[in-house]
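I opened this model to take notes on how its parts are arranged and where its chains meet. The entries below follow the order in which I looked things up.

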Amino acid sequence: MTASDPAVTRFVETRQFLDQIKTRVGTVVVGQDVVVERVLIALLTSGHLLLQGVPGLAKTLLVAAVSKTVDLAFARIQFTIDLLPSDIVGSEILDQKTHEFRIHKGPIFTNLLLADEINRAAPKVQSALLEAMQERRVTIGNQNFALPAPFLVIATQNPVEQAGTFELPEAQLDRFMLLHRLGYLDPEDEKEVLRRNTRLGVKREGKGAVARTEFDVLDGQDKGSADQLVRAMEDVQEVHVSETFIEHVIEIVNRTRNHPLLELGCSPRAGISLVKASRARALIHGRDYVVPEDLFALAEDVILHRIRLSYEAVAEGHTSQRVLQEILTEVAQ
Amino acid sequence: MRALIALLLTVALAAQARDQRTASVGMRAFVEQIVIPGTQLEPAPSKFGAPVVVRVVKTWPHGEQLRYDLEWVGFEEGTFNLLDYLVRRDGSTKEGLEPITVEVTSVLPPGDLEPGDLEPKTSERLGGYSTLQVVVAVAWGIGLVLILFVGRRRKPRTAPPETPATLADRLRPLVERVQGGAASDAQKAELERLLVAFWRERLDLGDVKAVDAIVAIKRHEQAGALLRQVEAWLHMPNPPRDVDVQHLLAPYRSVTADRFPPEAG
């Protein structure tokens, strides 16, 4: 490839587009570069992302910021115990004027859906959402509707407060391509958050004013187009995956299946997700080919929620995280 | 075939049957598996002072006849026909039947109805149990000594466990295969992992997460250059022509475990 090669030009443009998203999101979300990267990976591969972290880590802000930087429709659903499937998918409503039923589409008809605290909803609501995530279609009444493209669900769950929650079963967790665990910010990043917060000021509205929030910062900024996103998604498909890389993936996946401490190893979907996510990461890092670093960087987010420790291993005090790290270390030994 | 099986069964049962035709006064005796022609027999109504009492224990069909298990007890010395104490259930006669003769004997002389006097007898020597205990203990001790010192097979000498191949040992043949152009994709993948492991060990990155270790190795001047070139050779769709695998892997062909001692991070 040469610099005048159209493919190279397009590749450079895609990389610039992705860098712009990261930069724009970085203006409001501090110190969450890895999470931004994971959101982009999910966006580029049409995978779904589950974010696990305590409240107040800017999960909602992050997703809202991404939607604003790429000009995508964004909706947020706060999951609660009394939520119904029709609250998400939509329902048939009797029109008083025409005396006919009309379709009322639910908030799922969007590009970027934030399912906040997904484990608070009843299993039937979770399964309604997860079914839509899988099939990218929903049925209201007798009619079947395709969801907008791109369609991405970013769900969150709080790992600490478990009272009154419904834990997602393994089969449903498997639908999420990535499960990223958010941690607290570094002290330096946290200082920057506080400094930026002091500079937000107020926003005039009519005769009054309200304090500006981080959500207001992105208003009026340049947006990337959906076309650019589609091109980037196409470029991900052009990222080269070598046979050697596939050998690495198979090695890791098989080791999870044969590990004595694991009751449940990786599904074939895990291997597919590893390759898909690695291709997107390679593109974000400016490569048109995947390398083992992509694999090892994403292994925890792709694999950890798909494996389950045996009863004996739990009793002996092992953790999935440590077992996976052992597997990844042993692979390179 | 059925008849043969029935015959065999009959012979087998008859072989086990008791045929006690003699018993002392008051003792139970059995006459089993006896075949008596005609209709079913049952004990005759009991009469006070009867010298023999007969009980029909069990009855089986035996072709057109019946087979009986009889239990009898004699109360007077003498010879008796058990048929005299049985009657046909349908009231028919027992003519033509062969007598079932039994003999009741007495262990006491005739007319002697009182038990004899007890004869004095010396008791057994006390302490038999203690002697038995000593004998058993000695036998047990001898057995233990025999088990411990006599006839015990010597444990065969096992070969010392093989020391796991060092990274260097595993690296060399792979490098030779790759340089010879005979390596499969799986072997190339293993070579790449071993190179990472080799440098991970050398840079003392054992406790670091796998991805962080790779990043650290790539930052290292010598290891980074190697790893990037190996990556380019193995993973790029069109590997650059200036990647000389032969030259790149040459140092690892003769590497030994002690030639590259781990260095501080």
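**Where the chains meet**

I began with the contact between the chains, which takes 19 residues from chain B and 22 residues from chain A, two residues being in contact if their C-beta atoms, placed from the backbone, lie within 7 Å. What I read here is a predicted model, in which local features need pLDDT of at least 70 and side-chain atom pairs count only at pLDDT 80 or more, while totals for chains, interfaces and linings use all residues. Residues are numbered from 1 along each chain as its sequence is written, and chains are lettered from A and ligands numbered from 1 in the order in which they are written.

I then looked up which elements of chain B give two or more residues to the side that touches chain A, and found helix 4 (185-202), helix 5 (210-219) and helix 6 (221-235) of chain B. Helices (H or I, at least four residues) and strands (E, at least two) are DSSP runs, numbered from the N terminus. Helix 4 of chain B gives the largest share of that side, nine residues. By class, the side of chain B that touches chain A has 11 nonpolar, one polar and seven charged residues; Ala, Val, Leu, Ile, Met, Phe, Trp, Tyr, Cys and Pro count as nonpolar, Asp, Glu, Lys and Arg as charged, and the others, Gly among them, as polar.

**Confidence**

For the complex, the predictor gives an ipTM of 0.78 and a pTM of 0.67. Chain B has a mean pLDDT of 81, with 80% of its residues reaching 70 or more, where pLDDT is the predictor's confidence in each residue, from 0 to 100. Over residues 261-265 of chain B the pLDDT is below 50, and this stretch has eight contacts in the model beyond near neighbours in sequence. I keep in mind that where pLDDT is low, the predicted coordinates should not be read in detail.

**The sheet of chain A**

In chain A I traced an open sheet of five strands in the order 2-5-8-1-9, with parallel pairing; two strands pair if DSSP finds at least two bridges between them. Strand 2 (74-78) and strand 9 (178-181) of chain A are the edge strands, each pairing on one side only. From one strand to the next, the twist averages 20 degrees. Strand 1 (residues 49-52) of chain A is joined to strand 9 of chain A by four bridges, and L50(A) has L179(A) as its bridge partner in strand 9.

I also followed strand 6 (residues 137-140) and strand 7 (residues 143-146) of chain A, which pair in the antiparallel sense over four bridges. They form a hairpin with two residues between them, and G141(A) in the turn has a positive phi of about 65 degrees.

**Cores**

Which residues have the most contacts inside the largest nonpolar core? They are V39(A), L62(A) and I154(A), in a core of 111 residues. Such a core is a set of buried Ala, Val, Leu, Ile, Met, Phe, Trp, Tyr and Cys residues joined through C-beta atoms within 7 Å, and a residue is buried if 20 or more other C-beta atoms lie within 10 Å of its own, exposed if 12 or fewer, and partly exposed in between. Helix 2 (residues 33-45) of chain A gives the most to this core, with eight residues.

Terms used: Axes are lines fitted to C-alpha atoms, for helices over the stretch in contact, and angles run from 0 to 180 degrees between N-to-C directions.
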